[in-house]
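Hi,

Here is the structure I promised to pass on.

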Amino acid sequence: MIPSEIFMEQHNWLLYIAAFASAFGIALFTTPFAKKISIKLGAIDYPKKRGLHTKPLPRMGGLAIFSGFIVTIFVIMPFQQEFRDRQFIGFLIGAIIIAALGALDDVRNSKGGLSAKIRLAVQILAALIVVLTGTRIDVSMWPMGEHLSVLSAPITIIWIVGLINAVNLIDGVDGLAAGVSSICALCLMVLCIITGSPLAVVLAATLAGSCLGFLPRNFNPAELIMGDTGATFLGYVLAVSSILGVFKSYTILVVIVAVLSMALPILDTLFAMIRRAYNGKHIMTADRGHLHHRLIDRGYSQKQAVAILYGISLLTGIFSIAIAIRNFFALMILGVFFLALLCVLYVYKKRTTKDTNEAKE
């Protein structure tokens, strides 16, 4: 069980704040350069039938997120002992591989991009490097854990590859992936503080800062999008950080906490796969059935849809924290807020439908 004594562990709070601020500033500063590089390399996202963009947009904005993250990590490396062990080296190699894969896919986007098989193979390679350098989900304390221990490595690889693609799949509306990833990273940071994992806290704080530094130019109407360079990198860092931090506690409860902290991309991806399989389509086939598409198709603007999904992501993240600290009063309050959100959405939907019908008449 995750301990409730949140501040019992010794943490370098100044380092966490510095990591967040540094990543934010670097990402904010480098975003215009990422835009120029995208244009120079021809990494442009053109309007698609199922997409929401009405004009071509540079699609390598993820370079700014990657720059903010990597530069910050190297700057603060001398101050964090854990940045010099095998686990971190494995994480860093995997991160560079994932970012490079995303960048190559963005450059080749106008030609159809890389094949799904190549992307999956490289993602598995990056996850395998992480596992081989000592980072894995320990299932020994789960129910039937003694029989599942052999599956520790495969489960870790599935978790990493799954989150990489989950974040990539929600990157369909301006500001959605960056904002949701920021919320997930901040919630993950709090959870890692609870479990007492300084390395994971730094990684999550740095990722949150990078995302928020990129967000001003990515929010609707966006100047550029993060592309696969950013979306896959975000999923990778969230996945590995959660293993280093949240999964440090070995009980089955951590699975619930970890999934809740990143529930939006995970559940959206699961529903998409189930929906496509049910309709007889390949599970990786792109469609217009994601949550953001459904909200927009029901009459919400892009900004409203993103705000709603931010709210849902924040609620599930806070739920995970409340469970971790065993605060059932907080859970009850969050339940009330969730029901209130559903009521607001229902009323807005009815009003929008009424206005549409009146306009037709």
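**Surface patch**

On the surface, L267, L270, F271, M273 and I274 make up a nonpolar patch that together has about 460 Å² of accessible area. Areas are Shrake-Rupley values with a 1.4 Å probe, and for residues only the protein chains shown count as cover. Patch members have over 30% relative accessible area and no salt bridge, with nonpolar side chains (Val, Leu, Ile, Met, Phe, Trp, Tyr) joined within 5 Å and like charges within 9 Å; a salt bridge is a Lys or Arg side-chain nitrogen within 4 Å of an Asp or Glu carboxyl oxygen.

Before you go on: this is a predicted model, where local features need pLDDT of at least 70 and side-chain atom pairs count only at pLDDT 80 or more, while totals for chains, interfaces and linings use all residues. Numbering starts from 1 along each chain as its sequence is written, and side-chain values use heavy atoms, leaving out hydrogens and water.

L267 sits in helix 11 (residues 263-278) and is partly exposed, at 36% relative accessible area. D45, in strand 1 (residues 44-45), is buried at 6%. (Buried is under 20%, exposed over 50%, partly exposed in between, with a 1.4 Å probe and protein chains only; helices are DSSP runs of H or I, at least four residues, and strands of E, at least two, numbered from the N terminus.)

**Cysteines**

The whole structure has 0 disulfides, meaning cysteine sulfur pairs within 2.5 Å. For C211, the closest cysteine sulfur is in C184 at 9.3 Å, so that is too far for a bond. C211 is buried at 0%, and C192 is buried at 0%.

Cheers
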